[in-house]
Amino acid sequence: MTNMNQTVARETADQDTPVVAVEASKPAHGSVEEGKTVGKPFSDKAKFKLRDVEVFYGENRAIKNISLDIARNEVIAFIGPSGCGKSTFLRCLNRMNDSIDSCRVTGSLMLDDIDIYDPKRDVVELRARVGMVFQKPNPFPKSIYENVAYGPRIHGLANRKADLDEIVENSLRKAGLWDEVKDRLDATATGMSGGQQQRLCIARAIAVSPEVVLMDEPCSALDPIATAKVEELIAELSESYTIVIVTHSMQQAARVSHRTAYFHLGNLVEVNETSKVFTSPEHELTESYITGRFG
Amino acid sequence: MQPANLLLLTVVLAIVAYGFGYARSRTLATPLGGIRHLKSLPFYYGARASLWCAIPALVVLALWAAFQGKVIQTLVLGSLPAELAPGSAGEASLLLSKISNVASGALPAGFVEAPIAEAADRLEALREQSRMLMTALVVSVAVLAGFLGWLKIRPKLNARVQVESILKWLFFSCAALAILTTVGIIFSVAFETFRFFGKVPFTEFFFGSQWSPQTALRADQVAAEGAFGMIPLFTGTLLISAIAMTVAVPVGLMSAIYLSEYAGKRVRGIVKPLLEMLAGIPTVVYGFFAALTVAPFISDLAASIGIEASSQSALAAGAVMGIMIIPFVSSLSDDVINAVPQSLRDGSLALGATQSETMKKVIFPAALPGIMGGILLAVSRAIGETMIVVMAAGLAANLTANPLETVTTVTVQIVTLLTGDQEFDSAKTLAAFALGAMLFIATLLLNVIALKIVRKYREQYD
């Protein structure tokens, strides 16, 4: 776990421009066989059952034959170098890749007993169950209250103003933001600090009571103090939600997650308990990555 | 030499000066060990020499060309015998045109008095002298200044800074030109407007509900008094603009939404340029489309359901104008909608919102100020539009809100007031300037509002 500071890289690509794995300049720190994942990728309490998942951007195969279970109420961290496909894989879980024309997903992706990529599946319902927090805080240019109330409104979760007020308050409380903003719920959300904005986005996501929250590098645009707050929040949320978090910070993965999955060039190399991955990784590539030999 | 030729000569001299300056800087650089020991690149020394050569020469040329006419005229008039000396400014200009006609040979010298013929000769001689003097002066100034500039080239001289500061002034004057033109237009319109209000009372123009600018041309002619109430014209303008906007805003906005959110790449690549082609059709084509196709269609349609409609109607002009404005609204709105960050779309979609909910509740409100700005720009375009209205809406100044009747607009009246032979001091022609001023103020206000809104929009989510 030396050289950690250097390995806390920042992904340069934005979340709306998917990074495609590049085969070039691969250091020879071991090799990976497609579809072979070491460690414990499967679970008997699976929330998501993902089998033989492949993702293509046009001709380009960004995810290569990945099988993984994500357990109920666990926090699983996806780590790996830039362009390894971890964000792409995350976005499959609530079909956020749909908006990219050239993107094609194959394999079986099950959330409980529903097929995520069933063509007849209503993505609205899916996304209500699987919420998402993005890399850059993206509050709507509306008031703080309206931001949180947005989801419940479109899903008709509250019949009366009082119900809505309650949902908003609860979500903001869970996101640890209530005390900071309760006196200025009508203030515009874009005027808040970056960390507050990100926690607002988390509050917005949990306001529709999802079962799963996907987080795509939620702290990469935040300073260390705001990061610490968000991490604290993740620990609290894990009691009621399943959380999948993509991160470039290995310390963060070590701090917040129960299990860690290491991705490399579109392959899922290793999945195991977080403590195990960071102390005694089974795969050579995982070891090279977490010790900072490349990243 | 004619000023135009002289101008050309100055440019040639400036180019020569550039060559000399360039060469001298290189020569100076050689003993020092190459051009890297110069303060600036040889190009800048050359440019500096050429600017030194050209600028004073051009200033002299401009001043000479501006004043020579006046000076020569004064000299010629002053030399006339006392009995022919003009009594008034009008007489003077008549006399001068007579003299110059003789001088140019348009009027044979035999037809005029001897002193006039002499004056014509003098005029010709003076012009010749002036030309020669000008040529000599400009060329010598150019050569002298260019030589001085060339002489002053030293390795330590920072020519780049000097050249760049001159270029900065050049750019500034280009920018100032547009502003000065606007100011000039404002003044000329304002001046004539004041003259108009000297003839027609303020209250009549602003509050009168009658517009019939036909006044008697001669004292003995029997004609109407002339009424200059601008209300019917502005009502007509507003009516037609309102109809145009009712067509353009929904259609333009919805096509923008379709193009930016729903259309695939290929559809967008085809539809967008096609839509923008609407903006490239000349308005006169729209005009006869409105007059020959749409207006009769509307009046037939109205007649078939038992409503009386004029063959030229505000509806026809407004509808066609609306079609013309669609690309304005759609193109600007499309840009604004596209400028809304993708992250907001993702945020909304990830919450389980449908595409239309995302559009309605997140993107549209975020883009609204920009869309408003675009609409206001389209409105000022509609207000200023003339050709379609001339052809399709008619000329009768009716004070009506019925879109099936014929109406007229401010711009159309300006055109009819000023076309043809008109005296430029009657209330009738001056009214055109007053109308123009009002129109200018109205569109200026709209533009200011539009710019304000657009600027506010810029600060929205950055």
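Domain bounds, as used here, come from an automatic or database domain assignment. For chain B of this predicted model, that assignment gives domain 1, residues 3-157, and domain 2, residues 227-458. The C-alpha centres of domain 1 and domain 2 of chain B lie 51 Å apart.

Consider next the nonpolar cores. The largest one has 157 residues. Val244(A), Ala290(B), Ala317(B), Val320(B) and Ala392(B) have the most contacts inside this core. Helix H10 of chain B, residues 314-339, supplies its largest share, with 16 residues.

Neighbours within four places in sequence are left aside here. Ala392(B) then touches Gly287(B), Ala290(B), Ala291(B) and Ala295(B), and also Gln312(B), Ala316(B), Ala317(B) and Val320(B), by the contact criterion.

In chain A, helix H7 covers residues 194-206, which makes 13 residues. From its first C-alpha to its last it reaches 19 Å, close to the 18 Å expected at 1.5 Å a residue. A residue counts as buried if 20 or more other C-beta atoms lie within 10 Å of its own. Twelve of the 13 residues of H7(A) are buried, so this helix is largely enclosed by the rest of the structure. The buried residues include Gln196(A), Arg199(A), Leu200(A), Cys201(A) and Arg204(A).

What do the buried residues of H7(A) pack against? Their partners in chain A are strands S7 (130-133) and S8 (212-216), together with helices H4 (144-154), H5 (161-174), H6 (178-181) and H8 (224-237).

Note on methods:
Residues numbered from 1 in each chain as written. Chains lettered and ligands numbered in written order. Predicted model: local features only at pLDDT ≥ 70, side-chain atom pairs only at ≥ 80, totals over all residues. Core = buried A, V, L, I, M, F, W, Y, C linked by C-beta atoms within 7 Å. Helix = DSSP H or I, 4+ residues; strand = E, 2+ residues; numbered from the N terminus. Contact = placed C-beta atoms within 7 Å. Expected span 1.5 Å × (residues − 1).
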